[in-house]
Amino acid sequence: MTPTLRWRARLVEMPREARDTLFLLGVIALIVLPQAAHLPLWCVGLALVVLVWRGALALQSRPLPSLAWRVGLLALALAATWATHRTLIGKEAGVTLIVVLLALKTLELRARRDAFVVFFLGFFAMLTNFFWSQSLLTAAAMLLALLGLLTALVNAHMPVGRPSLAQAARTAGWMALAGAPVMLALFMFFPRLAPLWGTPNDPLTGRTGLSDSLRVGSIAELVLDDGLAARVRFDGDRIPPRPTLYFRGPVLSEFDGREWKAPPPWERGGLPADLRVRGQPVGYEITQEPSNRPWLLSLDVMKEAPDIPGLRTFQTPDLQWMTYRPLGDLVRYRATSYPDFESGPLRHTPALDRYLRLPANRDPRTVELAQQLQAQARAAQPEGDLAPRLVDAALTRLRTGGYSYTLEPGLYGDDTADEFWFVHKAGFCEHIASAFAVLMRAAGVPARIVTGFQGGEINPVDRYWTLRNSDAHAWAEVWQEGKGWVRVDPTGAISPDRIGQFRRLAGEPGLMASAIGTLSPTLMQNLRATWEALNNRWNQWVLNYTQSRQLDLLKKLGFDSPSLADLAWVLLMLVITASLGGAAWTLWERRRTDPWLRLLAQARARLGVLGLEVPAHAAPRQMAELLARQPDAAAQAGLRDWLLRLEAWRYARTPPAAGLGALRREFRQFRPPRAPRT
């Protein structure tokens with residue numbers, strides 16, 4: 001016998017209580033597993049130990065642990081939760097307690113009442129998964145968990161005999177299908193009134209992404225993350241030239257020798273933006289992933305505020321668009337950008353002096369190099385602004401000085417600019433941009449660092465432009481007389497392919513990705529593009545189904561100027577219709593009889609034709625015994641055998657292969673023939 005058949009035979013022979021308990025424990029594990037990365041390690045370990053322990057008790061038919069054990073474990077869980085979160089309320093502490101209580105409740109799973117508590121705790125714990133992620137994969141996993149819990153719940157309402165889990169699963173599936181229209185109606189028409197509609201993510205919880213500070217080496221770590229940052233759909237597929245695809249993020253101007261930081265908000269008003277745009281604007285729609293940061297990505301630069309329902313936005317003097325609260329959820333907005341622009345004052349003002357500040361006694365060799373370049377530029381042309389010539393000299397040095405673009409430049413010390421220009425001569429974009437900005441400031445040219453995303457790629461499935469964390473980039477802006485702030489990307493001088501052709505530097509692929517790439521170089525890319533297109537559809541049509549889209553739907557249904565009151569009326573009509581339909585179905589269902597009971601009544605009637613008085617409560621075995629006492633018992637052997645098989649189908653530990661339908665068809669041969677019509 002093969003291992004599969006052995007396990008199947010063992011499952012058939014297993015007592016029903018043990019089988020049902022193991023199934024429920026498996027469903028609980030499916031609920032807890034997706035959020036294991038967000039739970040304390042002790043919580044995951046305790047839940048795993050308890051579930052395995054409970055499964056072993058069920059398999060061995062051993063008694064459940066005593067009250068002292070359960071109280072002790074509960075006290076331990078409460079103490080550990082308090083020690084981890086310093087509170088017993090809140091999102092993280094609450095989810096931790098729910099998971100622990102769900103696991104511990106299985107240790108007193110004796111009666112149906114205990115099972116129902118576990119079921120409803122499981123439903124609640126299932127919803128907490130969406131605190132961490134609302135992705136399509138999470139939704140699919142929770143749909144599977146929902147069907148599992150419904151199957152266990154249906155099975156608990158079938159106390160007689162040993163019904164198969166497949167039968168309970170079919171019933172649960174039909175229940176889910178029956179409830180799907182109601183779920184869809186509530187999703188489409190229930191008014192979205194924040195914060196009642198959902199719980200926003202904790203703004204204090206950081207996520208991978210750009211920051212309001214830049215420490216040399218931080219973006220090199222970020223590009224190893226291939227996760228999504230944003231998706232962009234350009235109007236009419238009018239995509240700007242690739243070298244101009246700079247998506248602006250935080251702008252940094254404070255430098256302490258190793259780290260760049262954004263100035264405090266109250267210090268940003270000294271230099272007005274003074275934005276001047278030229279050429280045709282580019283319209284697009286951007287879907288930005290949750291970052292728990294208050295800034296909005298934009299294609300350089302936006303003049304008008306983006307259209308975001310329910311969010312107030314503002315623009316800083318350094319052209320960065322921000323919101324008044326962190327973005328803890330997916331956000332989608334329309335924007336218009338001007339790739340051809342100028343900003344900042346045209347003549348030098350005292351406010352520009354802050355962009356010349358450098359820490360004292362740091363990077364002395366870079367300061368000396370800046371003085372040399374300044375002297376050479378002044379000697380070549382004493383008159384005019386030196387800034388363009390100094391920029392050209394620095395870029396020429398980057399092109400011809402043996403500098404390289406790499407993720408592994410070696411360890412940098414405190415004088416990061418000196419080590420880049422004279423020691424390592426290698427680095428990633430933040431090494432290059434930081435060293436360039438320090439050199440410009442030392443030469444008397446105001447400079448600042450801009451972080452964001454450069455490049456991206458188009459998804460061939462849905463034609464959305466995709467920005468990943470691996471597209472994170474840093475570049476510089478220098479101030480020039482008569483022009484204002486001018487973008488300079490020194491990385492392009494070392495590696496033009498990074499800007500023009502979006503050549504990424506990436507870490508080594510994993511084992512699975514390497515194996516798939518060996519079999520088919522394009523298979524992994526095609527699979528990822530298809531999956532991301534599906535996720536994008538999920539984001540656009542489900543997660544981003546906002547109140548404005550609800551009102552747009554009402555317009556399509558014929559409402560001239562829809563409002564929340566119209567939504568309420570539509571929802572009320574749907575509820576009344578669903579209630580009437582449910583009442584009609586209930587009345588029809590009451591007239592039906594259980595198929596097994598109906599077949600049993602037909603067998604009782606057949607014995608009545610034979611002259612036997614059969615009590616209404618008689619089981620099939622009692623009917624068979626009555627037949628065995630009759631003088632013509634041999635002639636009724638087939639009917640007697642059929643009655644025993646009917647009882648075995650309902651009650652035996654190992655039911656016969658023939659199902660109820662086959663038994664119903666067999667019974668037809670025992671029915672008395674109809675009298676001929678006269």
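## Salt bridges in the model

A salt bridge is a side-chain nitrogen of Lys or Arg within 4 Å of a carboxyl oxygen of Asp or Glu. This is a predicted model, where local features need pLDDT of at least 70, side-chain atom pairs count only at pLDDT 80 or more, and totals for chains, interfaces and linings use all residues. Residues are numbered from 1 along each chain as its sequence is written, and side-chain values use heavy atoms, leaving out hydrogens and water.

The whole structure holds 24 salt bridges.

## A buried pair and its network

Arg-448 and Glu-477 form a salt bridge, 2.9 Å from N to O. The partners sit 29 residues apart, with Arg-448 in strand E15 (residues 447-454) and Glu-477 in strand E18 (residues 472-480). Strands (E, at least two residues) and helices (H or I, at least four) are DSSP runs, numbered from the N terminus.

Both residues are buried. Buried means under 20% relative accessible area, exposed over 50%, and partly exposed in between (1.4 Å probe, protein chains only). Arg-448 and Glu-477 also belong to a network of salt bridges with Arg-248, Asp-300 and Arg-487.

## A strand-to-strand pair

Arg-468 pairs with Glu-457 at 3.0 Å, N to O. Arg-468 is buried at 2% relative accessibility. Glu-457 is partly exposed at 26%.

## A pair within a helix

Asp-641 and Arg-645 form a salt bridge, with their closest N and O atoms 3.1 Å apart. They are about one helical turn apart because four residues separate them in helix H22 (residues 637-651). Asp-641 is partly exposed at 40% relative accessible area. Arg-645 is partly exposed at 25% relative accessibility.
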